[in-house]
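These are my notebook entries on one protein chain. I record what I looked up, entry by entry.

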Amino acid sequence: MADDKLKNLGTKLEGVADEAKGRLKDAAGGLTGDLGLQAEGKFDQFSGMAQQEFADLYEEGEGVVEKAVTFVRDKPLLSLGIVSFVGVLIGWLVFPRSKRS
């Protein structure tokens with residue numbers, strides 16, 4: 001668990017660094033009139049922001065999974081009832097009832 005948090009923090013920091021590098025390239029390209037460098041900077045900025053967003057989503061997903069596991073541990077019978085109801089509902093929707101004549 002701690003390794004995942006460290007890895008996630010590393011991903012966030014890498015994203016921040018890529019975004020900063022992209023801003024520098026974008027500015028340098030704008031000053032020199034180099035459209036290729038400017039486009040590369042925009043791409044690095046986008047890549048850095050995407051890495052940061054992915055790290056945030058991963059953290060949120062971990063929290064949801066932890067809540068679900070805690071709920072199942074605390075209330076196993078209610079969890080079983082919910083899963084059974086959802087299974088019956090899906091079965092009822094997927095497999096239509098046959099008509100009797």
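How far apart do the end C-alpha atoms of residues 77-95 lie, and what percentage of the span is helix? I looked this up in the predicted model. The end C-alpha atoms are 27 Å apart, and the span is 95% helix and 0% strand.

**Entry 1: the annotated span.** I consulted the UniProt record for residues 77-95. The unreviewed entry annotates these residues as "transmembrane region". I note that such an annotation may be inferred rather than shown by experiment.

**Entry 2: confidence.** I checked the pLDDT values next. The protein has an average pLDDT of 88, and 96% of the residues reach at least 70. Among the elements, helix H3 (residues 76-94) has the highest mean pLDDT, 92, while H1 has the lowest, 88.

**Entry 3: salt bridges.** Side chains of opposite charge can pair when their charged atoms come close. I counted a pair when a side-chain nitrogen of Lys or Arg was within 4 Å of a carboxyl oxygen of Asp or Glu. The count came to seven salt bridges. I then examined three of them, which are described below.

**Entry 4: Glu 59 and Lys 12.** The side chains of Glu 59 and Lys 12 form a salt bridge, at 3.6 Å from N to O. Glu 59 belongs to helix H2 (residues 35-74) and Lys 12 to helix H1 (residues 2-32). The pair links distant parts of the chain, 47 residues apart. I also looked up accessibility: Glu 59 is partly exposed at 40%, and Lys 12 is partly exposed at 24%.

**Entry 5: Asp 44 and Lys 25.** The closest N and O atoms of the salt bridge between Asp 44 and Lys 25 are 3.0 Å apart. Because Asp 44 lies in helix H2 and Lys 25 in helix H1, this pair ties together parts 19 residues apart in sequence. Is Asp 44 buried or exposed? Its relative accessibility is 12%, so Asp 44 counts as buried; the cut-off for buried is under 20%.

**Entry 6: Asp 26 and Lys 42.** In the salt bridge between Asp 26 and Lys 42, the closest N and O atoms are 3.1 Å apart. Asp 26 is in helix H1 and Lys 42 in helix H2, so the pair ties together parts 16 residues apart in sequence. Asp 26 is buried, with a relative accessible area of 13%, whereas Lys 42 is partly exposed at 46%.

Key:
Residues numbered from 1 in each chain as written. Predicted model: local features only at pLDDT ≥ 70, side-chain atom pairs only at ≥ 80, totals over all residues. Heavy atoms only, no water. Helix = DSSP H or I, 4+ residues; strand = E, 2+ residues; numbered from the N terminus. Buried < 20%, exposed > 50% of the residue type's maximum accessible area, 1.4 Å probe, protein only. pLDDT = per-residue confidence, 0-100.
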